[in-house]
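Work through these exercises with the sequence and the 3D view side by side. Try each task before you read its solution.

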Amino acid sequence: MFVNAKEMLQKAAKERYAVAQINVNNLEWTKAALTTAQEQKSPIILGVTGGAAKYMGGFAVVAAMARAMDKSLGITVPVAIHLDHGSYDECLACIDAGFTSIMFDGSHFPFDENVAKTKEMIALAHKNNMTLEAEVGAIGGEEDGVVGNGDVADPAECKAIADLGVDFLAAGIGNIHGVYPDNWTGLDFGILTEISKLTGGLPLVLHGGTGIPVEMIQKAISLGVAKINVNTECQLAFAAATRKYIEDGKDKQGKGFDPRKLLAPGADAIKASVKEKFELFGSAGKA
């Protein structure tokens, strides 16, 4: 059931659990995420970066595939299809393509420009019954060429962006995309607490959900994080399962080379990872 993300995230923020944004990279990813959400009775956000969309043939292709799959699989839980770290032009493309939610990432602009562009994008999104995520303080690591140094957001700037009418807010609190290095110092809960107070219960977003210790995830949720993004963990699980299938020589047994068989272990690994996240974030059974 395709919806925007407003109601699911407001409910999550109120009841203190988090909705998983599972970034999808192909048909198998999308099917694994949707079927697991249905099985676990969990709301879900399908995240799509500009690079992933380009790989799959464009935003319109991704939206059409996801919507058709949602219908043909009989999915009844709330599903949002969301642009992740979108540029201004990518946001416009996703509005045209039929996404239900977009993230405008203006964190690399001077703050005044981030405010102006975010304000414009909020109006466009809401006009089209879409939700809008904004970002303050660049998220560390790299995602599709967007590099962040793991800034800690300014709470006053977070309030200023929140007051524009965004539906949810990504604020850097020391989190990064990708695999966390050994010298990572952890999340800044003092800043998160202040941001949560100043933004008045607005659902907050934690990017870089792969590799953050369980106790930090749970504390972040208790402080207002209502959406957690997961990408790298599913990619690693998919790669490991596919590697094992080939190293075990199963691709050479019968028609084991058939993509439907070759990719099945990886898809199953994604499902297991997604189920684990629903349980950890507390969203299982909340749809």
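**Exercise 1. A37 and its surroundings**

Task: Which residues does A37 touch, not counting residues up to four places away in sequence?

Solution. Keep in mind that this is a predicted model.
Step 1. List the contacts. Leaving out residues up to four places away in sequence, A37 touches S42, I44, V77 and F278.
Step 2. A37 sits in helix α2.
Step 3. Judge its cover. Buried means under 20% relative accessible area. A37 has 0%, so A37 is buried.
Step 4. Look along the chain. A37 and S283 are 246 residues apart there. Their C-alpha atoms are separated by 9.5 Å.

**Exercise 2. Strand β1**

Task: How many residues of strand β1 are buried, and on which sides do they lie?

Solution. 
Step 1. Find the strand. β1 covers residues 19-23.
Step 2. Count. Five of its five residues are buried.
Step 3. Recall the rule. In a regular strand, side chains alternate between the two faces of the sheet.
Step 4. Sort the residues by side. V19, Q21 and N23 lie on one side, and A20 and I22 on the other. Both faces of β1 are covered.

**Exercise 3. The barrel**

Task: In what order do the eight strands close into a barrel?

Solution. 
Step 1. Follow the pairing around. The order is β1-β2-β3-β4-β5-β8-β9-β10, and the pairing is parallel.
Step 2. From one strand to the next, it averages 25°.
Step 3. Helix α2 lies across β1, β2 and β3. Its direction makes about 170° with that of β2.
Step 4. Do it again with α5, residues 88-97. This helix lies across β3 and β4 and runs at about 160° to β3.

**Exercise 4. Cysteines**

Solution. 
Step 1. Recall the bond. A disulfide is a covalent bond between the sulfur atoms of two cysteines.
Step 2. Check C91. The nearest cysteine sulfur belongs to C94 and is 6.9 Å away. The cut-off for a disulfide is 2.5 Å, so a pair must lie within that distance. C91 is in no disulfide.
Step 3. Check the cover. C91 is buried at 0% relative accessibility. C234 is buried too, with a relative accessible area of 1%.

**Exercise 5. A125 and C91**

Task: What is the C-alpha to C-alpha distance between A125 and C91?

Solution. 
Step 1. Read both separations. A125 and C91 are 34 residues apart in sequence. In space they are 8.8 Å apart, C-alpha to C-alpha.
Step 2. List contacts of A125, leaving aside neighbours within four places in sequence. They are I102, M130, T131 and L132.
Step 3. Judge the cover. A125 has 0% relative accessibility, so A125 counts as buried.

**Exercise 6. Aromatic pairs**

Task: Which kind of pair do W29 and F238 form?

Solution. 
Step 1. Count. There are three aromatic pairs.
Step 2. Classify W29 and F238. Their centres are 4.9 Å apart, with 40° between the planes. The pair is tilted.
Step 3. W29 lies in helix α2 and F238 in helix α10, so the pair ties together parts 209 residues apart in sequence. W29 is buried at 4% relative accessible area, and F238 is buried at 14%.
Step 4. Compare F59 and F99. Their ring centres are 5.7 Å apart and their planes stand at 85°, so this pair is edge-to-face.
Step 5. F59 lies in helix α4 and F99 in the loop between α5 and β4, so the pair links parts 40 residues apart in sequence. F59 counts as buried at 13% relative accessibility, and F99 at 3%.

How values were computed:
Residues numbered from 1 in each chain as written. Predicted model: local features only at pLDDT ≥ 70, side-chain atom pairs only at ≥ 80, totals over all residues. Heavy atoms only, no water. Buried < 20%, exposed > 50% of the residue type's maximum accessible area, 1.4 Å probe, protein only. Helix = DSSP H or I, 4+ residues; strand = E, 2+ residues; numbered from the N terminus. Pairing = 2+ DSSP bridges. Axes fitted to C-alpha atoms, helices over the stretch in contact; angles between N-to-C directions. Contact = heavy atoms within 4.5 Å. Phe/Tyr/Trp six-rings, centres within 6.5 Å; stacked < 30°, edge-to-face > 60°.
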